[in-house]
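This report covers strand pairing, aromatic contacts and backbone exceptions. The sequence and the structure come first.

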Amino acid sequence: MFAAESHASRHYIPIVAMACLCVLLGGPSYAAGAESLIIAGATYYEPGVSGPGWVWTDADHLELNGYAGEAIGAEGDLVLTLAGQNSVTESHAPDADITLCGMEVWGNLTLRGTGTLTATGSQCGIHVSQALVVDGCTVDARADGADITNEAVAGVIAGDMAVRGGGRVVAAGAGSGAGVRAYGVFLQDAGLSAGVDGCRLSVDASWLDAAGADGGVACTVGSLVSARFVTPAGGVFGASGVVDASGAVAPHVVIEPEGATPPAGETDGGDVPGDSADKSPADVSPAAGEPTTGPTTNPALKPAATTTKTTTAATKTTVAKTVKPKPANATTAALPKTGDNNWVVASVALFLLGTVLLTAAYRC
């Protein structure tokens, strides 16, 4: 009986061995990150592609080095490493996937590196549906409000925003269209973080210069770490943005690291060091209440849906953005999914190996 059990147990050895190999090898793996990338007028669905001044190395990582061209968009989380001077500009082509911003990411966006990025658009320079992190690099984001009506316009529109690692950000919004509300940084709760209050701004030992006729920074929660308000004097975070000592919303907000020394010839409270451009947006007659969203006058754009959030002090309306359906003639590029093919080949090899081991075991 013992011999019979031993003989039977030998039959399970190859089966167990094959199962273990399959578990160790695993199925096809997909790295978290962007599902697609729009850059230089083309849409890509697989990393490993590149062009003048850019390379998409893997699903969640894009590198720019001297890129100057049309808007960049991503569906999913993206880490963008900057080297040298880079610029992205809103595309005005009627069939473009991005028509309102210089950069548009539907997920989280981290900007890092030693380079710079200038982003310009009509409604926003940079739009991020979730959290934007500027880590150590220099960013200039501006919106001019061209052909925009009944919309909030801002240099940066995001869910949350953090500036850290000595990062430097200039953000400005302007516009003269009917119902336009102009902000430097407009943070909105897109309802993407269940159980967590959105609209958070954090500045850690870094610089931020934000200007807009209706508010330099609009947010519901803010914190400064090793940083301080230079403008407005006595500035604090209010229920819907940065306010001055009197409690009025500040149209210009300047934050710098504690103990920072202004460049020679400038007084404390000037613009972000190294940026001498006029950041004050054009005067706009503010409408009553907080910013509202709606269709623009541009016939190529679709009306944006609105989502209302009520705070303890005011009612804020989020700036909802939609990604236009990709036209049938859009330029696309895709690389073969080599990872999937390798897994299939390896699985077939394991199956054949298991078959051989089973046959040998039964013959024993």
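## Basis and terms

Two strands pair if DSSP finds at least two bridges between them. Strands (E, at least two residues) are DSSP runs and are numbered from the N terminus. The model is predicted: local features need pLDDT of at least 70, side-chain atom pairs count only at pLDDT 80 or more, and totals for chains, interfaces and linings use all residues. Residues are numbered from 1 along each chain as its sequence is written, and side-chain values use heavy atoms, with hydrogens and water left out.

## Strand 15 and its partners

Asp 140 stands opposite Val 170 in strand 18. Strand 15 (residues 138–143) and strand 18 (residues 168–173) run parallel, and six bridges join them. Strand 15 also pairs in the parallel sense with strand 12 (residues 116–121), again over six bridges. In that pairing Asp 140 is the bridge partner of Thr 118.

Strand 15 is mostly covered, with five of its six residues buried. Buried means under 20% relative accessible area, exposed over 50% and partly exposed in between, with a 1.4 Å probe and protein chains only.

## Strand 13

All positions of strand 13 (residues 124–128), five of five, are buried, so the strand is largely enclosed by the rest of the structure. Strand 10 (residues 101–106) pairs with strand 13 in the parallel sense over four bridges, and Val 105 has Val 128 as its bridge partner. Strand 13 also pairs with strand 16 (residues 152–158), in the parallel sense over three bridges. There, Ile 126 stands opposite Val 156.

An open sheet is formed by nine strands in the order 3-4-5-8-11-14-17-20-23, with mixed pairing. Its edge strands, strand 3 (49–51) and strand 23 (221–225), each pair on one side only. On average, neighbouring strands of this sheet are turned by 10 degrees against each other, direction ignored. The axes behind this value are lines fitted to C-alpha atoms, for helices over the stretch in contact, and angles run from 0 to 180 degrees between N-to-C directions.

Strand 3 and strand 4 (residues 54–58) run antiparallel and are joined by three bridges. Ser 50 stands opposite Val 55 in strand 4.

## Aromatic and charge contacts

Three aromatic pairs are found in a search of the whole structure. Rings of Phe, Tyr and Trp (its six-membered ring) pair if their centres lie within 6.5 Å; planes under 30 degrees apart count as stacked, over 60 as edge-to-face and the rest as tilted. One of the pairs is Tyr 44 with Trp 54, tilted, at 5.4 Å centre to centre and 55 degrees between the planes. Tyr 44 lies in strand 2 (residues 42–44) and Trp 54 in strand 4, so this pair ties together parts that are 10 residues apart in sequence. Both residues are buried.

Tyr 183 and Phe 186 form another tilted pair, at 5.2 Å centre to centre and 45 degrees between the planes. Tyr 183 and Phe 186 are both buried. Arg 168 lies over the face of Trp 207, at 3.7 Å from the ring centre. A charge sits over a ring if NZ of Lys or CZ of Arg is within 6 Å of the ring centre and within 35 degrees of the ring normal.

## Backbone exceptions

Thr 231 and Pro 232 are joined by a cis peptide bond, with omega about 0 degrees. Pro 232 is placed in the loop between strand 24 (227–231) and strand 25 (236–237).

Ala 40, not a glycine, has a positive phi of about 55 degrees. Ala 40 lies in the loop between strand 1 (36–39) and strand 2 and counts as partly exposed at 46% relative accessibility. Asp 147 also has a positive phi, near 60 degrees. Asp 147 is found in the loop between strand 15 and strand 16, and at 55% relative accessibility Asp 147 counts as exposed.
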